[in-house]
Each structure stands twice: as structure tokens, then as C-alpha cells.
Amino acid sequence: MGHVIGIDVGGTFTDAVAISAEGGMVSAKTPSTPPDYGEGVLNAVEILAAELGITTEALLGDTDYIAHGTTSSLNALVMGKVPDVGFITTIGHRDAIYIMNVEGRYLGRPQHELQDVMRQAKPRGIVPRRLAREVVERIDRAGTVVVALDEEQARGVIRDILAQGVRAIAVSLLWAFRNPAHEQRLRELIREQDADVFVALSSEVSPRIREFARHSTTIMSTQIGPGLALYLAELEDKLRGRGLRGSLLVMQSSGGAIAAGEAAASAITTIGGVLTGGVVGCVHLAERLGHRNVIATDVGGTTFLAGLVVDGEPVRASATIVNQFPVNVPTLRVEAIGSGGGAIAWIDTGGNLHVGPASAQASPGPACYGAGGTEPTNTDANLVLGILPETGLLGGLRPIRKDLAIEAIRTRIAEPLGLSVEDAAAAIHAVQNAQTGDLLRKIVVESGYDPRDFTIYAFGGAGPAHCAAYAAEVGVTQVVVPLGPVASAFSAFGLAVSDIVLVREHSDPMTAPFDPARVEANFARLETEVLDALKRQGIPLDRVEVHREIDMRYGLQLGEVTAPVAAGSLDTAAVEESVAEFERRYARLYGEGSGFREAGIHGITFRVRGVGVLKVEPNFEELAPAPGEDPSSALAERRLVCLDGRKGFVSTPIYDYRLLRAGHLIEGPAVIQVPTTSVVVPDGMRGEIDRFGNLHIETRRKVVPLASKRSFA
């Protein structure tokens, strides 16, 4: 076995981690390079090679595979920067994507917008009406052809769509998940007219009941599929040109990778791939540290991401939402808000301070980068507060200018609010901490858990600077900052240690008590599809695991809860146990006694998750033990830093992480300087370095918000 590489391409930075056959790890962090993100990938690989003391060609020639996660597809959907595509559906059902099942007014909206009924509005149509067309056909709910596909009429529809210049067409017919014959024939008719047009079928992309969600999922997959295919092809050519021997994999929302050659066909599964890398990394580290319940938090340059690990397993969801449209994608449950290091601070018309969701991203970046940015960001505030070193980021490779940060905060925030620059910077920092704390509370409590039962893992370039504050905000008493050789590239570490994960699903509504033979037949077909797909990946696997589950709901309800199903032959007792587990999970989510079995229990969607385990065994090297608890041997300097709103700027010890040893105790207030990040230990808290180089912070009291009434003058 050679090296494996994980590469996380974010909106601001590209992170990478290489793991050798012996388990040794090195990491890299470099600015992303929009619009050609592939250049940033190559830059990161070059840094990894330099860290290993070999050439880029030598590293790539000894690489078994690269697991790549990118936000480019998700960003394209969120910002609407996708090409027009055609849409073909059953006659009489085109307007389902515009009616939006009434969900368009509330899906994905925060609570304060849901309460403001008068300002609720549907988003812009996902497809222009001129490109949404109908064909004559009808299949009923049993999969029986009621009206045959009118092929001549369909040829005319296809001809009209192609005449408008589209290069991709989504096909989603009524009840196609029951019988895909008409969708498959339409693909043949499209390719008769143009063999190079990208075609996506709902029966392959999203074989689930409910036409609106199935339509929107298929359309969005079609919008990003061609661009993803082009990006991956060009990236693979560049990597091959530099000597890549192994495979290029792409991370998916499910928490596992897929071969790049197959990614475009199921493009929608990759939109949250980079978001899940950190959660996968937490699962691996938590197993080593003995933590069963973890909140994974990643504050990058653009976003704040959070996911859950419960009893050693990541919390999963069967769907997500993008731009108020439902997306049928099995995913690790990860929530994101625009509150990263590059999040822009701004004032609304009512004089209220906000941070994000807009970001300065990699270009032009925060004002302190000196690359043309004039908007104040969270990074600028941290520099003014003394949390970041004026010597620069990335170990000095990224110079920063405090005078530019001061000017941006002064003109855009301080003067309009009548504050000093320092008070304004403190307010920006406090708002960021508050909104990240709100998100953590939301995802933990709404999943039916108590935050006090969890440990927070904090990573990303800006996460360690804020983690103690947002942990205390939600009542978590212990924070782990994974430092060591992966530092702020922890999501890339998660990509490197991820497995191949493929999911197949199929809706077959039935009412309990379920027929075991029918249930087993559904799973048998899905398992065959998954195992065949795993073989096509062309990657040696250590072993294969297969997991079954059913989405169920009570009668008269629409929301579903997923329950596992036992492996092997199924009898009545095994199926009943799955139904009982559904009721237990429902009660945990919504409260004891909230279930209503008398309404009936419906099994809706059957799902099989196949995991091709890749044998990657990272070696967490142990640090030399410190001779005592006193960390003064690692003291780099003292500088004025504001970590407490009541005290303002105080002389604060700054420790060099590279000089810390296992057993060192850091009493707050303190800052630990790492080449790729800064870790804050507030006053009244204590940090301890464990034998693997991780920093454990005890949040023994609630942090006083930096934006206090105290003057900094």
C-alpha cells in the first residue's frame, strides 16, 4: 500500500492530508484558486510532497487514491450559477415543480422568517417554463402502463428542447420508481437526436415516492452533472500528467466516496461531500480517544459546519434542502451557516450588526489580506483583538495587515454604530460566537439529545479561536481541538480515512404488519445493485459491509423516521423489531407518548447502504511527555489580547504549539499559536495536551461576551 490523500476544496482554502503506508501523516493548507480550483489542488499536493521531502511526481506515483471533496457543485446550486436544463414529465404534471407542494414557502427557512407570513415567498422556478415540457404517457401506482408513451409526440418535445440550446435534460415521470420503462425509452429517444446530451432519470437518481421532491432532486442533479464531469475529467488529467498512479475518488453526502468516473451520473450525491469529511474524521479520532457522543464543528473560511456522532456512529438523514427545494439524498446530518473566518460583518437598515452569510472567500479575501477586500470580516476582527498574530497566517506564508483590518472595521462598523474600532471588533467576534452557538443548540436539541452529554471537536482554520465560547454557550463542558499533524486540515483527514459508500433505495409503500417476504425481496434487489456498483469502483477493498433500513411514518403524517433492519433472512419477528425501533426513535425525537400506533404504521422507502472498507490506518504519533505541567518552556511571547469583555486588552501568554508536550496544562487566558490556526483558552478555563497532541479544553464557566459595555478606550 502506498499513500492516500484527502483534499478538501473550500471557498477560501484548500486543505490536504497525506497518510503513508506506515500511518504517518502530513498536512497542507493553501488558498483556493477560483475559478480553476484544480490549481489549488495541485498546489496542496506540492506542499504535501515538500513536507515529505520528495517530488510531487514521486508522491503521486506512490498514491493509491485521492479522496476529493469539493463545494463547487453545492455553491453553484446555492448561488444559482448553473446552466439551463430541460425537464420532461408526465402530461398534466409539469406545474408540480412550480406549485412546490406548498412547501416552497417554508422549506429551509429560519424560524423568524416562518413567523413573518406576509414576507414569505416561493423561490424562482428551478427550470424556466419554456424548458419544462410534458409527454403523453401514464403509469399507475402499481407500475402498470395505463397510457403507452407517445413516441412521436415525445420526439417533438425533445426536438423543441434541444433547439433552445440546452445540453442536459432531466426526465421525471409519474410513478417511474415503480416502472422505469418510459423514462428509459425517453433517454433512448433523446440520444437518437443527440448522443452527447447529458440525461438524468428520476428512477435512477431518486426512486422515491412524492413527485415534487423527486423532480427537484433529478433537476438539480442534471444542473450540476455536466459541470462536475468536466471538472473531474480536467482534474484527473492534471493529476495523471503529474504522475498519479491510483484512483481519484469523490466524497459524497453519505460520508463515503465514489469513483470519479461514476460521480457525474449521481452528481446530486456529492453536494454535501466536503461537509461530511470532518464528521468522518471525528468518528476515527473519537474511537481512539474513547468519546461516544461528539459534536463535530468546523469553522472554515466561508462556513460554520456542525454534525453529530452518537454512540460512535454519525447521525444520518434521508434528505436535505437546497434553496428551499427538497433533495432526496441520504446524508450525514450536517448543518451549515455562512459564519466562517471570511464571513462579512454588516449593518442592516435597523442598525443591527450581522456576520455573514456573505463571505470574502479566497478572492479578494478579508481586508487584512491586502488583496483588494474592503469589507470587514471575522478574521479582521480576530486580528484587531490580538487573537491572530500580526506576523501572518499559514506560518507567515500569508501576510496580513492590521492597519487594513482596522480601517475596514472603522468605516463599515465602528463609525456607523458609534463604537471604537476595538469595541466593534469585539462585537463582531461575539455575534459570530452567538450564531454558531444557536446552530449547535438547534441541531442537537432538534435531534432529541442533550448538549451536556456531548464533547465538542473543533477544527478548521477559525474553529479553535471560537470553540470554547460556543461550547460554553450550549453547556458542553469539554472541547477537543485535534491538532498534531492534521491541525486545521482535519476535514481533509476525514476524507483520507473515508470508505467507499454507495446507497440504493426504492419506495414501496406498505402498511404494518409488513409481509416479510415482500420486505426481503426489496432488500435483495437493492443489495444486488449495491454489490454490483461496488465492484465497478475498481478499488481493492478490505471488506464489504451492507446495512438495511426503512423510512417509516405513522398514518396521516408526512414526516418519516428511519429505522434499521436486521441482515439475513427476515421473519415476522425481525420485521416487527424494526417497527418497534421506529417507535423508539420517534419517541426520542418527539417525546414519550407522542407516537400513535392506532393510526397505523407505514413503511415507505427501503434503503441499502453498502460500505466498501478501505484499509487506512493512520498512526497518531505520541508526543514526548512533559517533565511537568508547567508549559512555560513553550511560551513564545506575551501580547495584548482581548479574550474577556469585562477586562478588555490584557497581556496574554502566547504558546507555540510545536513546543508543547503531553501533560502540559494551559490556564486561561491564553492563546496557542499553530502554523495554520490559533486556539483560544479563555479566562477561567484550562487546556491540557494529551499524548496524541490534541488539546482538551474544560469550559468551567460561561464565557462573558466580548461585546460588553466596557469601553476599550
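Over which residues does pLDDT stay under 50? In this predicted model, that stretch is residues 702-713, for which the model has 38 contacts beyond four places in sequence. The protein chain as a whole averages a pLDDT of 89, and 96% of the residues score at least 70.

I turn now to the aromatic side chains. The count of aromatic pairs comes to eleven. Consider Phe212 and Phe325: their ring centres are 6.3 Å apart and their planes stand at 55°, so this pair is tilted. Phe212 belongs to helix H9, residues 211-241, and Phe325 to strand S18, residues 325-327; the pair therefore ties together parts that are 113 residues apart in sequence. Phe212 has a relative accessible area of 4% and is buried. Phe325 also counts as buried, at 5% relative accessibility.

A further pair is formed by Phe304 and Tyr470. Here the ring centres are 5.4 Å apart and the planes lie at 65°; because the angle is over 60 degrees, the pair is classed as edge-to-face. This pair, too, links distant parts of the chain: Phe304 is in strand S14, residues 304-310, while Tyr470 is in helix H15, residues 463-474, 166 residues apart. Phe304 is buried, with a relative accessible area of 0%, and Tyr470 is buried at 0% relative accessibility.

Ring pairs also join Tyr554, Phe582, Tyr586 and Tyr590 into a cluster.

Finally, I come to charges over rings. The charged end of Arg129 sits over the ring of Tyr98, at 4.0 Å from the ring centre. Arg288 places its charged end over the ring of Phe692, 5.6 Å from the centre.

Key: Residues numbered from 1 in each chain as written. Predicted model: local features only at pLDDT ≥ 70, side-chain atom pairs only at ≥ 80, totals over all residues. Heavy atoms only, no water. pLDDT = per-residue confidence, 0-100. Contact = heavy atoms within 4.5 Å. Phe/Tyr/Trp six-rings, centres within 6.5 Å; stacked < 30°, edge-to-face > 60°. Helix = DSSP H or I, 4+ residues; strand = E, 2+ residues; numbered from the N terminus. Buried < 20%, exposed > 50% of the residue type's maximum accessible area, 1.4 Å probe, protein only. Lys NZ or Arg CZ within 6 Å of the ring centre and 35° of its normal.
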